[in-house]
Amino acid sequence: MKETLLLTKHMRDFPENSHNIDVYEKNNGYSALKKVLKEDNPENVINEIKDSNIRGRGGAGFPTGVKWGFLAEDEDRYLVINGDESEPGTFKDRILLERDPHQLIEGVIITCFASNIKKAFIYIRGEYAKPARRVQEAVEQAYEKGYLGDNILGTNLSLDIVVHLGAGAYICGEETALLNSLEGKRGEPRLKPPYFPAVMGLYNKPTLVNNVETISSVPWIINNSGKEYAKLGVEGSTGTRIFSLSGHVRTPGNFEIEMGKSFGEFVDTFGNGIKDDKKVKAYIPGGASAPWFTGDQLDIKMTIDDVANAGSMLGSGAVVVMDEDTNLVYAAKSIVSFFAHESCGQCTPCREGTTWLEMILERIASGRGRLSDISLLVDVCDNISPGLSWPPKMTTICPLGPSAVSPITSLLDNFSDELMKMLPTKIPIAQ
Amino acid sequence: MSWDNELLERAHKIIELYPQKRSALGPLLYLAQEKDGFISDDSIVEISNLVDITEVQVKSVSSFYSMYKEEQTGTYLLSVCKSISCEINDSRSVINSVKEFTGLENYETDQDKLFTFEEVECIGACGGAPAVQVNYETVEGLTPEKTIEMCEWLKNDKPEIIVADQLQNKFGGTKSFDWAIEDNTGSAYTVPGFQNIGTAKEKDN
């Protein structure tokens, strides 16, 4: 198993100065932009993206070309890059922002050319100060060289990019919450319909919201064609994907691979196995929102559809490995606490439910649990996500609430003995 | 205290970046925090005038986001991650060593206004767990011992500008990925160091 470097090639070729515009240009940078400006056919660009079958890399996996096709006509349209990467386990956009900001900027310009957009925002989470500085520096270099501003490279194309810093709210990764945040409001997800910002987005104008990794893929697709991109990976999960590997592996990191290999092979090859030669007890295949797989399920293939069919999701591409000595009740509590902290507070089942789940798990983890806590957990989970099925049913505006249910169903389905072990046996069931 | 001309000038420059004034609200709140170390009532009045919304609307936004602080922060904001990858890589021990050194509990600031300590959710440094941010500059792969050393260094040397790369070189361990590019810019406040809000500061060598 080898890496296939499309998005992370330039940063590997020129590790010390891949962020510099001169170095980027010398390594074929901005050639895709020049190509589309020369051909001057926006429709072709959209068709290449459609041909590539690339699906959004933020977590939902929506086909990018289809999303672009939805963009409604209007004089003012916007592109917003979602760089609010906050899903626990995920740090792949961080490397793209920090080490190859021009690849993203080139992708932004091409996207805006294709969709006749004159203003783009790159929304970066507040904690990513260093990545945001790199991107801003690169934006300034691009203005100086005439890639941004009025009459880009002597054409009629004009585009401004504003880099905007968030302020510590995971929920702003949800695209409508992100738009509210960018409008200077609380980062609360909007009621649907309208389902797509492409119809009604920023300032109620048609808006494309795309992930950093998705748009960073655009220059390669334009240079090599959508069909070439679609040859990589497998059907339904074309191209490469940057997986963030963390947890109890020997060598964590970001690895760009074609989708389709098994998690076990991935962990062995790139993680170099588990520290101290321990066994895998459980792993999270796609960020903290995703239900866990057990150490016996390492043969599942890393594709969007395979993971979905096995009852979880590839999500943001964050693989977190937990070894045989991990206390999974603590692990679940950590994840539930995350969602309780990050709940925006709009929907009662999520606001109250996640807090209750956190308190119950806290009680169990501290050794004061009750047998009845199990049914209480299930009851609260059921109020957030009726039936505890996968994909989750929702009683909330966005999927944050149901995400807090995932670690609990994972515990109950596969590791209920661990939960039971933490309940004192001598204490009678509380009334 | 109301904002001086220098701050107002920076505020107007930020507002110009956006098609609608209110979009500048987030960045302006960072200016407020740079000024006082928290979002003061005076700044809320100032910002409400700058972007033409009510004071309650400003407060409603500032209280929503965890990086805008309602109480005064110390010189150094120590944010220790406790989310899943850090949790299973013993972030508890890093949290305990910060608590022990500073004598602070979660969200507390010491009397000298030197340190503010907080336990935070995922900061995107999962491959380098456990990780900490000092004034939003990341250091990865910490141990309890190195954490104490870092706190001692902050206390004794009182660096004016915090730079992620310097922290990492001095105290860090395993990183999420190769940082590769040398960097000398950081933050001088309990606000992210970022050009568009005028808080990115370069360190002299």
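The structure is a predicted model.

The contact between the two chains draws 70 residues from chain A and 56 residues from chain B. Together the chains bury about 4800 Å², and 57% of that area lies on carbon and sulfur atoms. On the side of chain B, the residues that lose the most area to chain A are B:I84, B:F177 and B:I181, which together account for 15% of what that side buries.

Polar and charged groups also meet here. Between chain B and chain A there are 31 residue pairs in polar contact. Several elements of chain B give two or more residues to the side that touches chain A: α2 (25-36), α4 (55-62), α5 (84-87), α8 (164-171) and β6 (185-187). By type, the residues on that side of chain B comprise 28 nonpolar, 18 polar and 10 charged. The count of salt bridges between chain B and chain A is four. One of them joins B:D183 to A:R134, with the closest N and O atoms 2.8 Å apart. A network of salt bridges links A:R94, A:E98 and A:K130 with B:E140 and B:D165.

Helix α2 of chain B is one of the elements on the contact side. How far apart should the ends of α2(B) be? With 12 residues at 1.5 Å a residue, the helix should span 16 Å, and the end C-alpha atoms of α2(B) are 17 Å apart, which agrees. Of the 12 residues in α2(B), 10 are buried, so the helix is mostly covered, buried being under 20% relative accessible area. Among the buried residues are B:L25, B:L28, B:L29, B:Y30, B:Q33 and B:E34. The buried residues of α2(B) pack against elements of both chains: β3 (160-165) of chain A, and α1 (5-16), α3 (41-51) and α4 of chain B. Just after the helix, B:G37 has a positive phi of about 85 degrees.

In chain A, the helix numbered α2 covers residues 21-26 and contains A:E25. A:E25 is partly exposed, at 23% relative accessible area. Leaving aside residues up to four places away in sequence, A:E25 touches A:Y30, A:K145 and A:Y147. A:E25 and A:H102 are 77 residues apart in sequence, and their C-alpha atoms are 9.2 Å apart in space.

Side chains of opposite charge can pair when their charged atoms come close. Over all chains, the count is 40 salt bridges. Which parts of chain A does the pair of A:R55 and A:D305 tie together? A:R55 lies in the loop between α4 (42-52) and α5 (64-70), and A:D305 lies in helix α14 (residues 304-309), so the pair ties together parts 250 residues apart in sequence. The N to O distance in this salt bridge is 3.8 Å. A:D305 is partly exposed, with a relative accessible area of 35%.

Two further salt bridges belong to chain A. A:E183 and A:K185 meet at 2.8 Å, N to O. A:E183 counts as buried because its relative accessibility is 8%, whereas A:K185 is partly exposed at 31%. A:E352 and A:R351 also meet at 2.8 Å, N to O. Here A:E352 is partly exposed at 37% relative accessibility, and A:R351 is partly exposed at 30%.

Definitions and conventions
Residues numbered from 1 in each chain as written. Chains lettered and ligands numbered in written order. Predicted model: local features only at pLDDT ≥ 70, side-chain atom pairs only at ≥ 80, totals over all residues. Heavy atoms only, no water. Contact = heavy atoms within 4.5 Å. Buried area = accessible area lost by both parts, 1.4 Å probe. Salt bridge = Lys/Arg side-chain N within 4 Å of Asp/Glu carboxyl O. Polar contact = N/O pair within 3.5 Å; in protein donor to acceptor, adjacent residues only side chain to side chain. Helix = DSSP H or I, 4+ residues; strand = E, 2+ residues; numbered from the N terminus. Nonpolar A, V, L, I, M, F, W, Y, C, P; charged D, E, K, R; others polar. Expected span 1.5 Å × (residues − 1). Buried < 20%, exposed > 50% of the residue type's maximum accessible area, 1.4 Å probe, protein only.
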